[in-house]
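Please open the model in a viewer and follow the selections below in order.

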Amino acid sequence: MLARRLFVLLLAFLLIITFLITRAYYLLLLIVLLFSLIVKSVFCMLMMYRKITFQFLQSENEMNLVFRGKGFFPVGRIKIEIVINNLFLDTSLSQSKQFLVCGGSVYIPLDESLFHLGKSVISIKSCRIIDMLGIFSKKIRCQEKMESFCYPYIDESYRKLNAQVNEKLRNYNQQKNEDYDIREYREGDSVKDIHYKVSYRQSKLMIKDKYKDAGLMMKLFLDLSGDEEDCRQVLSYLYQFVCHLTIQKSKCQVQWYSKNKLMEEKISDLKEYEEALHTILSNPKADGEDFVHAEWVITKMGIEGGE
């Protein structure tokens, strides 16, 4: 842009000097025309500057930055830098765009390769409007932001129920349901809960006092210390595990590390899975391989535990 300014100044200076020497009036017309173009270019740019708006629009297949403005044709071009901060992967990527504007709306598609697994915050880092001659520019303040989620794709291999995991869950639930204490019979207790062998040995009625919460808040740990693809596999296995929970009518307490902080959510169905997934993807994943003792563990290799 500086080179263009110097070129225009040099051209104007040469035309003025030549006119003063030769007194050729056609040179005077060229000088007037040159300065008229410069004034018009700056005027159009300033008129457009006051009426510019930006908006992020997301559809199922793509995301666009929509520019809207009103001005005189021709106006010039917009130079803009878009920053995408991924909260889950803790990364920041940028994309620069330049496009011609002349009033009306312009749709600028954003590069899909910049969007990765997790919650992304898209914002405009810098924006400048440049006049039609490319000589002058003015900075535009933009505070437009948008949040976007990129969820793990659950393919058919994860949607199919795993017979081994299903059997482990069934045995686990059965074992928990069989846990009980022995206490003396109280009025109102069900006859079905009488433990006859113990009652015979102790010569008084004894009752199987089952745990009221035998339905079963099992603990599940997610290993999110790997790269993006590893985390994608872990979250896909979590979906498969929740499908088993729904069938078994169980629930679990999911724990995972977000950087150095241990986080947890309760899941009993696919709706709560989506809420937990939203929380997982909105926080940075683990830095190191920290583990918590749990009855079930999900790693990139699959679902383990329930022994």
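Select Phe88, which lies in the loop between β3 (76-86) and β4 (91-101); strands are DSSP runs of E of at least two residues, helices runs of H or I of at least four, both numbered from the N terminus. The model is predicted: local features need pLDDT of at least 70 and side-chain atom pairs count only at pLDDT 80 or more, whereas totals for chains, interfaces and linings use all residues. Residues are numbered from 1 along each chain as its sequence is written, and side-chain values use heavy atoms, without hydrogens and water.

Phe88 has a relative accessible area of 1% and is therefore buried (under 20%, with a 1.4 Å probe and protein chains only). Leaving aside residues up to four places away in sequence, the contacts of Phe88 include Leu117, Leu224, Cys231, Ile280 and Pro284; contact means heavy atoms within 4.5 Å.

Next, select helices α1 (residues 2-22) and α2 (residues 25-49), which pack at about 155° with axes 9 Å apart. The axes are lines fitted to C-alpha atoms over the stretch in contact, and angles run from 0 to 180 degrees between N-to-C directions. The helices are therefore roughly antiparallel (over 145 degrees). Among the residues in contact are Val8, Leu15 and Phe19 of α1 and Leu27, Ile31 and Phe35 of α2.

How values were computed. Angles under 35 degrees count as roughly parallel, over 145 as roughly antiparallel, 65 to 115 as roughly perpendicular and the rest as oblique. Buried means under 20% relative accessible area, exposed over 50%, partly exposed in between (1.4 Å probe, protein chains only).
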